[in-house]
Amino acid sequence: MSNVLAVLEQRAGALKQVSHEVLTAARALADALGGSVDALVIGSTGVDATGLGAYGADRVTLVEDEELSLYQPDVFNEVVTAQVRAGDYAAIILAATAMGKDLAPRVAARLDCPLAVDVTAIDGSGGITVTRPAYSGKAIYTAEVTATPCVISVRPNAFTPSENAREAAVETRPAPRPDLRTRTVRVNEPAGERLDVAEASIVVSGGRGLKGPENFKLVEDLADAFGNAAVGASRAVVDAGWRPHADQVGQTGKTVSPQLYIAVGISGAIQHLAGMRTSKVIVAINKDKDSPIFKVADYGVVGDLFEIVPRLTEEIRKVRGG
Ligand SMILES: Cc1cc2nc3c(=O)[nH]c(=O)nc-3n(C[C@H](O)[C@H](O)[C@H](O)COP(=O)(O)OP(=O)(O)OC[C@H]3O[C@@H](n4cnc5c(N)ncnc54)[C@H](O)[C@@H]3O)c2cc1C
């Protein structure tokens, strides 16, 4: 039992970026265990799976049905557990996204197997161990998985996708039709084109230091200067109605782990840090040098954000040639 099943995510027929991270984590674990990687994509028809070998899949199974363009818990659970029962897996890996957070415990419960959620590292060199932040990110713990198969959800952006020269065999299967206890009828997409904070590799977040919702233009301009960055917010500004809840980072918002997190006018309350302290590089801009955000920042700029942010935006534009 050394193979790994990677459960990937698609939206409207396009694979989500986090799927490459899940595959990368699965490949590394399978290599350590001496097994192979099966990728499973459940969803609408027409998903292009040709590139998945490059991220580590040996085999890809597409379970396609237009009815599954939205996440349907009972069907997805049925597909994953059936594949696990028919196979020989040490681990099932998913992303700790909204879908993965719902699906992972369902699969683990049905298979009666161990579950490790929101992990940031997996080691397969001597059994399977996982690492994850605990207590709002104040502690990091490592846990040994004592039975297989096990279900592991990985935190988005914690695993950097890596490519290799591999070709995957692709097969397509029809979806089962179990009795549905619940059915997803629609997803309310936030307005606008911006990336979700939980998925972006660069997040620029603003807090109460911006003084008013109109000044979020500064944060948006900085995000735009990077090209493809998301705009996040502290709870204080979400509660004040300046930004939608979907943008909130923190204990009662989203957990993010981007390559770069820029906190603009955010004090760094423990509940905010809980959602962003595992970011790879943290930059804080705050006029108070004693602000707690500087304790977790890799780079700190002490000063008035209304002077610093436009200058930073200008410099980023120059560097990126925009
Ligand atoms: C149960 C619970 C759950 C919570 N969940 C969350 C959560 O999920 N996410 C979250 O963010 N918070 C959460 N909070 C709230 C949290 O405790 C803080 O109140 C909140 O994060 C503060 O937001 P802020 O940093 O924007 O505002 P403030 O704490 O008011 O900080 C504003 C910062 O802006 C700086 N500033 C002001 N003017 C300027 C300027 N001109 N230039 C530069 N800097 C300037 C100030 O020095 C200050 O540090 C939660 C609280 C509780 C009790």
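In this predicted model, a polar side-chain atom of Ser234 sits 2.6 Å from a ligand oxygen atom.

| Residue (side-chain N or O atom) | Ligand atom | Distance |
|---|---|---|
| Ser234 | oxygen | 2.6 Å |
| Thr252 | nitrogen | 2.6 Å |
| Gln271 | oxygen | 2.7 Å |

On its own, the ligand has 990 Å² of accessible area, and the protein covers 77% of that. Areas come from the Shrake-Rupley method with a 1.4 Å probe. Helix 5 (235-239), helix 6 (270-276) and helix 8 (305-319) are the elements that each give two or more residues to the ligand shell. Helices are DSSP runs of H or I with at least four residues, strands are runs of E with at least two, and both are numbered from the N terminus.

The shell holds 27 residues, and the closest include Ser267 and Asn286. By class, the shell has six nonpolar, 15 polar and six charged residues. Asp, Glu, Lys and Arg count as charged; Ala, Val, Leu, Ile, Met, Phe, Trp, Tyr, Cys and Pro as nonpolar; the others, Gly among them, as polar.

The model is predicted: local features need pLDDT of at least 70, side-chain atom pairs count only at pLDDT 80 or more, and totals for chains, interfaces and linings use all residues. Numbering starts from 1 along each chain as its sequence is written, and side-chain values use heavy atoms, with hydrogens and water left out.

Next, the largest pocket. Its volume is about 1300 Å³, taken as the space filled by probe spheres set on grid points joined across faces, edges and corners. A pocket is an open set of points on a 1 Å grid over the protein atoms alone, where a 1.4 Å probe fits, with protein on both sides within 12 Å along at least five of seven lines; lining residues have an atom within 4 Å of a point. The lining counts 42 residues, with Arg11, Lys16, Glu189, Asp196 and Glu199 nearest the centre. Helix 3 gives the most, three residues.

Finally, the backbone. The Thr148 to Pro149 peptide bond is cis, with omega near 0°. Pro149 lies in the loop between strand 10 (139-145) and strand 11 (150-154).

Methods. Near = heavy atom within 4 Å. Polar contact = N/O pair within 3.5 Å; in protein donor to acceptor, adjacent residues only side chain to side chain.
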